[in-house]
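Please read the points with the sequence and the model side by side.

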Amino acid sequence: MQSLTPEEQRRTAGFFTTEISHRVKRPLRLMEVCGTHTVAIFKAGIRQLLPAGVELVSGPGCPVCVTPNEYLDTAIAYSRQPNVILTTFGDMLRVPGSSSSLLVEKAAGADIRIVYSPLESLDIARDYPDKQVIFLAVGFETTAPTAAATVLTAARADLKNFSVLSSHKLVPPALQALLDRPGVRVDGFLLPGHVSAVIGVEPYRFLQRNFGIPAVIAGFDPLDILQSVYMLVRQLEDGAAKLENQYSRIVPAAGNPAACKLLEQVYQPADTVWRGLGMIPSSGLVLRPGYSAFDSRSKLPVVVEPASEPKGCRCGEILQGSIKPTACPLFGRSCTPDHPVGSCMVSVEGTCAAWHKYGAGRWQL
């Protein structure tokens, strides 16, 4: 829809919003799983365009937000070790752990470096052969293939001073776990376009088969999102529960076989902890035994403090779509983007950060 003129975009948006308003006959609660969708919805003012009966709630689709404190505490413990260089994406620096953060440790002298690709970590490893370089591998199916390619590159180069601390997570098992929880009400899902570009359509089929919930793989332009909401509303009001692909121009039905092959070669599924959702079976990715030389936890055991959560923080419930950020007593008071208490206020894709930045006039303290 990017090829449309501004006037054509306005008319198209008007068509979708009018159709949504005409079709909605009951309150509907739709979850945008992906943090990028959350930000796009706020930036475009999509909530304001929808009728009052259509509620959009955010789900567990922000990789930084769902990373548990135990992982952060482990990274912090590594940063305190001599002869260790941590490499990470920038968002991770400010996420509070149980008693510190990587930003605090960096200020105290830890060697923590921001990278824009895990492959940059290999250059650092080559430049500092007397140091152990640990890459903080966080994210979903979208970023995991690049980390897998980095491990393969390190293996081919026989780089013995590089490893990854993996916290990669898989989206479909998290949706299954969310729906298995009593009291969770979601009428339909806006599914993440970029994750789907890797895994394809079929991994979400259980939503229809097991739960009878409609779902639409959605793109990230405002018109993509509006169209996806329209497709969900149309299904719900027609009594249907289908899996549709609005983002077919990017998401092939089979996904990206090359990326999936990389994941299969380097990683295997494992039970893992999600912030707010707890332990979810087979929802994480760990390195296969053949690559244990590049697994930080196997290669460099470290003592980690017991994990604890900040008092009063309700990030866990926000990630389940159970409450809105404004229901958290810390939101906008002791927890702000300049002083985040919970992970949802840190990341640019975090629900609380989006509400705080773009929600002016839509929430009251």
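1. Basis of the note. This is a predicted model, in which local features need pLDDT of at least 70 and side-chain atom pairs count only at pLDDT 80 or more, while totals for chains, interfaces and linings use all residues. Residues are numbered from 1 along each chain as its sequence is written, and side-chain values use heavy atoms, with hydrogens and water left out.

2. Overall form. The protein has 16 helices and 11 strands; these are DSSP runs numbered from the N terminus, helices being H or I with at least four residues and strands E with at least two. Its radius of gyration is 21 Å, close to the 21 Å that the globule rule gives for 365 residues, so the protein is as compact as a globular protein of that length. The radius is taken over C-alpha atoms, and the rule is 2.2 Å times the number of residues to the power 0.38. Along the principal axes, the C-alpha trace spans about 65 × 45 × 45 Å.

3. Surface and contacts. Of the 365 residues, 54% count as buried, where buried means under 20% relative accessible area, exposed over 50% and partly exposed in between (1.4 Å probe, protein chains only). The accessible surface comes to about 15,300 Å², and 54% of it belongs to carbon and sulfur atoms; areas come from the Shrake-Rupley method with a 1.4 Å probe, and for residues only the protein chains shown count as cover. Among contacts with a separation of 6 or more, residues 24 or more positions apart account for 76%, a contact being heavy atoms within 4.5 Å.

4. The four-stranded sheet. An open sheet of 4 strands has the order β4-β3-β5-β6, with parallel pairing; two strands pair if DSSP finds at least two bridges between them. The edge strands, β4 (112-114) and β6, each pair on one side only. Neighbouring strands of this sheet are turned by 25 degrees against each other on average, direction ignored. Axes here are lines fitted to C-alpha atoms, for helices over the stretch in contact, and angles run from 0 to 180 degrees between N-to-C directions.

5. Helices on this sheet. Helix α5 (residues 69-79) packs on the sheet and touches β3, β4, β5 and β6; its direction makes about 165 degrees with that of β6. Helix α7 (residues 119-127) also packs there, touching β3, β4, β5 and β6, and its direction makes about 170 degrees with that of β5.

6. Strand β3 (residues 84-88) runs parallel to β4, and 3 bridges join them. The bridge partner of Thr 88 in β4 is Ile 114.

7. Is strand β6 (residues 162-168) mostly covered or mostly open? It is mostly covered, with 7 of its 7 residues buried. Phe 162, Val 164, Ser 166 and His 168 point one way, and Ser 163, Leu 165 and Ser 167 the other way. Strand β5 (residues 132-139) runs parallel to β6 and is joined to it by 7 bridges, with Leu 136 opposite Leu 165. The chain crosses from β5 through helix α8 (residues 144-157) to β6 in a right-handed β-α-β crossover: with the strands pointing away from the viewer, the path from the first strand over the helix to the second runs clockwise.8. Strand β1 and its partners. In strand β1 (residues 28-32), 5 of the 5 residues are buried. Leu 28, Leu 30 and Glu 32 point one way from β1, and Arg 29 and Met 31 the other way. To strand β2 (residues 54-58), β1 is joined by 5 bridges in a parallel arrangement, and Met 31 stands opposite Val 57 of β2. Strand β7 (residues 188-192) pairs with β1 in the parallel sense over 3 bridges; there, Leu 190 is the bridge partner of Glu 32.

8. Positive phi values. Most residues other than glycine have a negative phi. Asp 158, in the loop between α8 and β6, has a positive phi near 55 degrees. This residue is partly exposed, with a relative accessible area of 48%. Ser 282 lies in strand β11 (residues 278-287) and has a positive phi near 50 degrees. Its relative accessible area is 38%, so Ser 282 counts as partly exposed.

9. A residue at the surface. His 22 is found in helix α1 (residues 6-23) and is exposed, with a relative accessible area of 55%. Its C-alpha atom is separated by 28 Å from that of Ile 323, which is 301 residues apart from His 22 along the chain.
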